[in-house]
Structure formats: C-alpha cells, structure tokens
Amino acid sequence: GAMGGAAVHFAGGWGGNSTVLYEGTHEPVAVTMSNVKTGQPMTGAQVYAANVGSTVGITTELVTTNYWGQTVKGAAAGSGFVVTQDGYILTNYHVIDGASSIKVAFVDGTTYDAKLVGGEEANDIAVLKIEATGLTPVTLGDSDNLVVGEQVCAIGNPLGELTFTYTSGSVSAKDRAITMENGEIMNMLQTDTAINSGNSGGPLFNLYGEVIGITSAKYSSSASSSSASIEGIGFAIPINDVKDMVTSIMEHGYVTGKPNVGILMNDVSSEATLRYGIPSGAYVESVLEGSCADKSGLKAGDVITAVNDTAVTSSNQLSSAVKNYKAGDTVTFTVYREGQNQTISVTLDEATQERADAMADSVPSPVK
C-alpha cells in the first residue's frame, strides 16, 4: 500500500473480505446547441459539436521525379474547412502544393475528390471545390477583435492519422512576423493550442464558434527537421488577412488586385557592399518588357533601397513592402544607380498568371 497513485482501490484487509472497485456515476455531458450563432460564448464541447462536420481531412498524392529520373509517388495529409454550402473548402497552400490528386473526408466517413480552384503561395492559402451541396459552412469571425489570453480551439488531423482531434489553448500573441520555410514573411497569430503536422489548413475557433485563423505552422528546434519538438508555440493565419483573397479565388481563380512590379531580383551580396560600397537592397536582375517597372524607367542593375518610407535591404523585404499595396497604387522606389540615389514613381501592375508566365519565359528564374 505504500506505492501511491493506484487506479484501483481495495477495501478490507488481506483476509476473507472481498475486493471492491469504487465507481463514480454521473449523467453524461449534454451538448446542447441552443446558443450556437446567437452571440453567446460556447463551451469547447459545443464548438466541436457545431463545427466538426464542417472540418475535413485532406490527403494528396504527390508524383515526383527522383535523381535517377524515376517517377516516385508519395502522399501528404492536412486539414481544411468548408466555407460555402456548395462545396468550397479552404486550406493551406503547402498542404496541396504539387499534388496530382486531392481527396477530402468528412467526419461521417464521406469522401470526395477535390479540385484545386486556385491558391496563393505567398499567403499560404488554397481553395478546393468538391461536387456537393447542402454542406454546413463555418462562420468566419473577426480576427482583429482577438485579445491576448482569449481562449481558442482547433479541429484537425494531427499526424494525418488522429482524425478530427480537438485541441484548445489561448492566443499567446498577435501580429507575429514569421519567416516561413520559403522565405516569405507572414503576419501570424501565436497560440499555445497544440498544432502538429496534419493540422495545417484546419480552422482555429474562438469560443463563439467562429473561425478566426487557419492553423498553419509550428516552431521546430531544428531547421532541418520537419518533426518539431518545441511545445506550446504554434501559429495561425489571421482570417481577416485572407477573407478577400478567398473570395477572389472563388470568383476568379486567383487573387485580384495583387500588386506586381515585373522584375526578377536578388539580394546585394555582402562582398559588393564591402568592396564597392553598394548599399543593401533588392538588386534588379531583369525587367519584364511592358511592365510597370519598364514603363517607370527601372533598369537591370538598379538597387531598390526603399518603398515610400519603408527601408528595403533585401529582395524578401521588397516583396513584403509591395504586398502592403494594391494593383493600381502608385509608390515611390528609392533606387541606387551608378553611384547616385534617385526616386522613381511606379504604378503597380496586377499580378496575373499571364504576367507570371511572361516573366518565366523571359528569364530562367521565377517572378518575384
């Protein structure tokens, strides 16, 4: 009896008395949905019951070519959620990136083949479509109204196996500038809600049952490892940051109004800075003919060091600065050219697939 913590309690001595297991009894937890969508907070159980049918598991098939030219098939898993009754589903771009086929599964076991409507890699969102009607979409909330310490919860498929798992926690911080694996800098909500591989693309709810974020990332203790060991630090894309983008993708297949400069760029090397005194910035390698950059007078060899009043010391910073504007906006680039600084006004183009294809045809590297 000296060993504490036993789950079974024994009554009586070691003699002839019987051994008794003590069992508690109580009424099952009743999950009533009477206060859903009435502006009143819910319990975690109610949030789950109201929204698990709107959450999906996503599996993809990936076909790649290995070093020896052989075709290799693989699979990936993630999460998503229904945003319209007629079958539009929102997830992360990295969940479906490179997929040759996509399937979604609901909690009742129903599965559908899904088609990619469009995606936005820089903002890590993708919209899928399934042939279904009468679905129950989630309710989108206002992520700007969140406060640090507010309770939130997630539904998703951690590890791709533990399907429709509920986890909960709090908002740990807002407006975190997080550098993703692809170098993009994204604005994120930080949460201690458990987020693991397979949760990507799933919904993050407030206790009003509204989606206020898309679970997307988790810190890892090793940059070379996809198995994150740091606990309690997860991130979600604020839903307000992508609402308009999602609508554009559903209506047009891409995000309308997204700005494009029409240049291929790189970072200024530290050697060029130290040896030749060239300032840090975005080095213009090539200019697309007919683009806003071409029309404004930007030239290959220019170094862009500022966008309006925002200093730029790298190509990633230029991309991030330009994302704060819309196509049609006029911005002022500060440019270092042949030892002199000058300003150039640029009226931003719209980023379209045609423009991206034109840039890809003119240079061997992707458009920035």
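I took two strands as paired if DSSP finds at least two bridges between them. Helices (H or I, at least four residues) and strands (E, at least two) are DSSP runs, numbered from the N terminus.

The model is predicted, so I noted that local features need pLDDT of at least 70 and side-chain atom pairs pLDDT 80 or more, while totals for chains, interfaces and linings use all residues. Residues are numbered from 1 along each chain as its sequence is written, and side-chain values use heavy atoms, with hydrogens and water left out.

Entry on S6. I looked up the neighbours of strand S6. Strand S5 (residues 111-120) runs antiparallel to S6 and is joined to it by five bridges. Lys115 has Lys129 as its bridge partner in S6. Four residues lie between S5 and S6 in their hairpin, and Asp124 in the turn has a positive phi of about 55°. S3 also pairs with S6 in the antiparallel sense, over four bridges, and there I found Ile89 opposite Leu128.

Entry on burial. I used buried for under 20% relative accessible area, with a 1.4 Å probe and protein chains only. Five of the five residues of S6 are buried, so S6 is largely enclosed by the rest of the structure. Ile125, Val127 and Lys129 cover one side, Ala126 and Leu128 the other.

Note on methods. Buried means under 20% relative accessible area, exposed over 50%, partly exposed in between (1.4 Å probe, protein chains only).
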